[in-house]
Amino acid sequence: MAKEKGNKLIAQNKKARHEYTILDTYECGLVLTGTEVKSLREGRANLVDGYAYIQGHEAWIDNVFIPEYTQGTWTNHSAKRKRKLLLHKEEIRKLESKSKETGHTLVPLSLYFKDGRVKLELALAVGKKLYDKRQTLREQQDRRESDRAIAAARRKQRAAS
């Protein structure tokens, strides 16, 4: 069987980028069972309620929903169990010290296959205040309006020539 190449997105946490200011991101592996990988290959997962934490110099992720594999038997996994993250010791130490600071948290951003292995993009983040969220939405809206105006001007210019 040929080895898979490239990245294939499984799930993304779009809500996280709205709710948090992302300070730093890390790519980490996950310790999974066989039925979890099969379920992920079907492209089913949900990161919205997920969170990560450091416990006993190990990184863990909890509340990430990977549904049970449909063809699984009694060996099937539980959908929202806690899973161990695979990171280097230095990265775990850094995340542990940073996450203890007030307001900092570890949030999963995306889950994907990279060359056939499941990877998780983990972010060190700070929660946004309501006025920060409004400001971000306003900036996005302004950017969209300016892009529309530029596109309309280009269309008008092409029509004139």
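## Contacts and basis of the model

A contact here means heavy atoms within 4.5 Å. Of the contacts in the protein chain between residues at least 6 apart in sequence, 69% join residues at least 24 apart.

The structure is a predicted model, in which local features need pLDDT of at least 70 and side-chain atom pairs count only at pLDDT 80 or more, while totals for chains, interfaces and linings use all residues. Residues are numbered from 1 along each chain as its sequence is written, and side-chain values use heavy atoms, with hydrogens and water left out.

## Secondary structure and overall dimensions

The protein chain contains 4 helices and 7 strands. Both are DSSP runs numbered from the N terminus: helices are H or I runs of at least four residues, and strands are E runs of at least two. In sequence order the pattern is β-α-β-α-β-β-β-α-β-β-α. The radius of gyration is 20 Å, well over the 15 Å that the globule rule gives for 161 residues, so the chain is more spread out than a compact globule. That radius is taken over C-alpha atoms, and the globule rule is 2.2 Å times the number of residues to the power 0.38. Along its principal axes the C-alpha trace spans about 65 × 45 × 25 Å.

## Surface, burial and charge

The accessible surface of the protein chain is about 10600 Å², and 49% of it belongs to carbon and sulfur atoms. Accessible areas come from the Shrake-Rupley method with a 1.4 Å probe; for residues, only the protein chains shown count as cover. Of the 161 residues, 31% are buried. Buried means under 20% relative accessible area, exposed means over 50%, and partly exposed is in between (1.4 Å probe, protein chains only).

## Tyr-26 in strand S2

Tyr-26 lies in strand S2 (residues 20-30) and is buried, at a relative accessible area of 9%. Its side chain makes a polar contact with the side chain of Asp-24 at 3.1 Å. A polar contact is a pair of N or O atoms within 3.5 Å; within protein, one must be able to donate a hydrogen and the other to accept it, and residues adjacent in sequence count only if both atoms are side-chain atoms.

Tyr-26 and Leu-122 are 96 residues apart in sequence, while their C-alpha atoms are 5.1 Å apart in space. Leaving aside neighbours within four places in sequence, Tyr-26 is in contact with Leu-87, Glu-91, Lys-94, Leu-95, Leu-120, Glu-121 and Leu-122.

Arg-83 is in strand S5 (residues 83-86) and is buried at 1% relative accessibility. A polar atom of the Arg-83 side chain lies 3.0 Å from the backbone oxygen of Val-64.

Lys-133 belongs to helix H4 (residues 130-160) and is also buried, with a relative accessible area of 17%. The side chains of Lys-133 and Glu-19 make a polar contact at 3.0 Å. Not counting residues up to four places away in sequence, Lys-133 touches His-18, Glu-19 and Lys-128.

Gly-34 is in helix H2 (residues 34-41) and is partly exposed, with a relative accessible area of 48%. Its C-alpha atom is 9.4 Å from that of Tyr-69, 35 residues away along the chain.

Ala-45 sits in the loop between H2 and strand S3 (51-55) and is partly exposed at 23% relative accessibility. The C-alpha atoms of Ala-45 and Gln-12, 33 residues apart along the chain, are separated by 8.9 Å. Residues up to four places away in sequence aside, Ala-45 touches Ile-10, Ala-11, Leu-40, Phe-65, Ile-66, Pro-67 and Leu-111.

## Positive phi values

Most residues other than glycine have a negative phi. His-57 has a positive phi of about 60 degrees. This residue lies in the loop between S3 and strand S4 (58-62) and is exposed, with a relative accessible area of 60%.

Asp-115 also has a positive phi, near 50 degrees. Asp-115 is in the loop between strand S6 (104-114) and strand S7 (117-127), and at 33% relative accessibility it counts as partly exposed.
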